[in-house]
Amino acid sequence: MAKLMISISGIRGVVGDGLTPQMIVNFAQAFGTYLGGGKVVVGRDSRVTGPMVKHAVFSGLMAAGMDVIDIGICPTPTVQMAVKKLKALGGIAITASHNPIEWNALKLIGSSGMFLDEAQGKKVIAVVEKNGYRNVKWDQIGKPEIYEDAIQDHIKAILKLKLIDTDEIARRKFRVVVDCVNGAGGTLLPALLEELGCEAIFMNEEPTGLFPRAPEPLPENITDLCERVKKEKADVGFAVDPDVDRLAIVTEKGEPFGEEFTLVSAANYVLSKKNGPIVVNASVSRAIDVIAAKFNSEVFRTKVGEIYVAKKMEKVKAAIGGEGNGGVILPELHLGRDAPLGIALTLQQLAVTRMKASELRGSLPQYFQGKNRIEIKNYDVASILKEIEKRYKNEQLDKTDGLKILWEESWVHIRPSNTEPIIRIYSEAKTKEEAEALGYRFINEVEDIIKKNK
Ligand code: MG
């Protein structure tokens, strides 16, 4: 498995085995060169390697003449919002998101608060490749500064949203269990839930970076939370990933919503309150089309990756958007996936509908997904996709991102990951069994093609 990946969204790798301080300084200095001097915001998740990475980032940015505003340990969406609020030219979130503990990464953010897009990211990479760093003289070296209110700013912005009625939520006195996986969630979520009048029970809220479970908030990784929700007789449970852009919901029965349904549920509420199109990536459940049809709303699909969704949302003036991994984007807050927002929208919906969490989940269109992956080493994914395309040329195909084959009530989506050397095979159908069978069928097909071409 490659231990270092460079992409338009930044640089990601295993610390001590690929991701070195030299690489980090280079990328930070390249980003500073691209920005050309001025203010830049830096925040990080709670990873143990965070301080080392942060100091290298500061060094690179300051050497390029950037004044660095340090907002400390916080969610990635907090960094995105701080960039806009503080009128900075850009930002860096130091986080490997849901990747295991040994990974870290830089996510690069533009002045819009959105991640860099393809063209912008390429410019930063070009600086590294050409060794074209901006090195300013001693009297122009950037200055570091601490800004302590970014988390409070983020909370206030959520509470101020028209869609969130804090009094209505507070009246219900929800009993909530939250699992922060010892990531950055513990810096923000306790205060948010207090403002919303919830009786909140926290698990793993210390931002130590020592993840007690696999950090991706998938059903199989949040079984402790499910148990705890039942034991505490809570109304709902929430799990976030280490940088708090992904949210998974657990019903009062201790059953996971399925991360797909965080966005489906949020969209169902938001579209009942305001008009506008919805933007999702190519892998998002068909349930979103059913919801959109109910409200006469148009659905736009993009490549997988927050920046593609966010840019399209900006372009079509979307009411809501996001990704099926528990990432909800509401444009009036900011154009980035935001788990604290997802929590507020979920509580709002429970408060307004008076439904139990399990009833809310049951009221949404029922689809099941299978999510599989195949590790690939130096293998040409395009040739695999071409072969599958040939085999299924008579079916409805969507090539927005990789290859998606659609049938009446099911689909399979095969694409290379942006962040890891793997092929993802997602499948969806009306039953779990069908979805899984469809997934396995295409794992076999892909493996078969790889074998034949060897
Ligand atoms: Mg994340």
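Both Asp241 and Asp245 are buried, a word used here for under 20% relative accessible area, with over 50% called exposed and anything in between partly exposed (1.4 Å probe, protein chains only). The model is a predicted one, in which local features need pLDDT of at least 70 and side-chain atom pairs count only at pLDDT 80 or more, while totals for chains, interfaces and linings use all residues. Residues are numbered from 1 along each chain as its sequence is written, and side-chain values use heavy atoms, with hydrogens and water left out.

Asp241 and Asp245 belong to a metal site. The magnesium ion is coordinated by OG of Ser97 and by OD atoms of Asp241, Asp243 and Asp245, at 2.0 to 2.1 Å. Donors are N, O and S atoms within 2.8 Å of the metal (3.2 Å for Na, K and Ca), and because water is not among the atoms, sites may look incomplete. Along the sequence, the spacing of the magnesium donors reads S-x143-D-x1-D-x1-D.

The protein chain is divided into domain 1 (4-148), domain 2 (154-363) and domain 3 (368-453), with bounds that come from an automatic or database domain assignment. Between domain 2 and domain 3, the C-alpha centres are 27 Å apart. Their contact (heavy atoms within 4.5 Å) involves 13 residues from domain 2 and 15 residues from domain 3. Together domain 2 and domain 3 bury about 1,100 Å², of which 42% is on carbon and sulfur atoms; this is the accessible area (1.4 Å probe) that two parts lose on being put together, summed over both.

Two salt bridges cross the interface of domain 2 and domain 3, a salt bridge being a side-chain nitrogen of Lys or Arg within 4 Å of a carboxyl oxygen of Asp or Glu. Lys371 and Glu259 pair in a salt bridge through their side chains, at 3.3 Å from N to O.

Salt bridges number 27 in the structure. Side chains of opposite charge can pair when their charged atoms come close. One of the salt bridges joins the side chains of Arg228 and Glu232, at 2.8 Å from N to O. Another salt bridge links Arg301 with Asp289, where the closest N and O atoms are 2.8 Å apart.
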